[in-house]
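User: Hi! Could you walk me through a few local features of this model, one question at a time?

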Amino acid sequence: MSGITWELLDRYLAHECADAERETIERWLKDESFRSLITKSVDDATSTANVLNRRAATRLYLRLEATARLNNRPRLSRLRLFELTLVMVATIGVALAGGQLYLWLGRGTPATPPERVATTPPGQRATLRLVDGTLVMLGVASTLRSLAEFGPDQRTVELRGEAYFEVAPDRRPFVVRAADLVARDVGTAFLV
């Protein structure tokens, strides 16, 4: 086996050999003359009582069988490859068209505007101005939720805790929801 031992083959097949050893074995495996050698060596190894030799021979035999199966598999013809390419292109086209249709149809439904949340920690207060110009002084350990943009009919906020509001004048009523309380205002100041 020209310097290649069963122990080395076993390490190679178990992916445990050094790079130089791996290169030596791979050069040997590419050589066509090794096939007659390997047949005789497999017969010798399986007839001996040495377990390591039998394990290496079995691994090598299985690897050679797998390689032979891969090399003998039928190749795709150019026509078949062209047909498969057409199917893939058509599938991608249908998927893209479906995505475009989904986006186009989805534009008719209004999206929920983003929400703004302001929270004060215990022991601190905060002052903030809403998008409509309303001034809010948020009390200690309080949370105020509002939409980033108010709707055309009313300006609604949700409050947990307490806050003082100086409502900016507007034709739309300003609504504060706090637990079971709902306060409506158009342009004054009040405490909730």
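Analyst: Happy to! One definition to start: a residue is exposed when its relative accessible area is over 50%, and buried when that area is under 20%. Please keep in mind that this is a predicted model.

User: Which residues of H2 are exposed on the other side of the helix?

Analyst: Let's begin with the buried set, which consists of Ile25, Trp28 and Leu29. They cover an arc of only 100° around the axis, so they sit on the same side of H2. In general, an α-helix has 3.6 residues a turn, so residues three or four places apart point the same way. On the other side of H2, the exposed residues are Asp19, Ala20, Arg27 and Lys30.

User: How far does helix H2 reach from its first C-alpha to its last?

Analyst: Helix H2 covers residues 19–30, which is twelve residues. At 1.5 Å a residue, 16 Å would be expected, and the reach in the model is close to that: 17 Å.

User: Is the ring pair of phenylalanine 165 and phenylalanine 174 stacked, edge-to-face or tilted?

Analyst: The model has two aromatic pairs by the ring-centre rule. In this one, the ring centres are 5.7 Å apart and the planes stand at 55°. Stacked needs planes under 30 degrees apart and edge-to-face needs over 60, so the pair of phenylalanine 165 and phenylalanine 174 is tilted.

User: Is phenylalanine 174 buried or exposed?

Analyst: Ring pairs link Phe174 with Phe165 and Phe190 into a cluster. Phenylalanine 165 has 0% relative accessibility and therefore counts as buried. For phenylalanine 174 the relative accessible area is 0%, which makes this residue buried.

User: About how much accessible area do Leu101, Trp104 and Leu105 have together?

Analyst: These residues form a nonpolar patch on the surface. Leucine 105 belongs to helix H5, residues 78–106, and is exposed, with a relative accessible area of 52%. Together, Leu101, Trp104 and Leu105 have an accessible area of about 370 Å².

Definitions and conventions:
Residues numbered from 1 in each chain as written. Predicted model: local features only at pLDDT ≥ 70, side-chain atom pairs only at ≥ 80, totals over all residues. Heavy atoms only, no water. Phe/Tyr/Trp six-rings, centres within 6.5 Å; stacked < 30°, edge-to-face > 60°. Buried < 20%, exposed > 50% of the residue type's maximum accessible area, 1.4 Å probe, protein only. Patch = residues over 30% accessible without salt bridge, like charges linked within 9 Å, V, L, I, M, F, W, Y side chains within 5 Å. Areas by Shrake-Rupley, 256 points an atom, 1.4 Å probe, with all protein chains shown as cover. Salt bridge = Lys/Arg side-chain N within 4 Å of Asp/Glu carboxyl O. Helix = DSSP H or I, 4+ residues; strand = E, 2+ residues; numbered from the N terminus. Expected span 1.5 Å × (residues − 1). Arc of directions from axis to C-beta.
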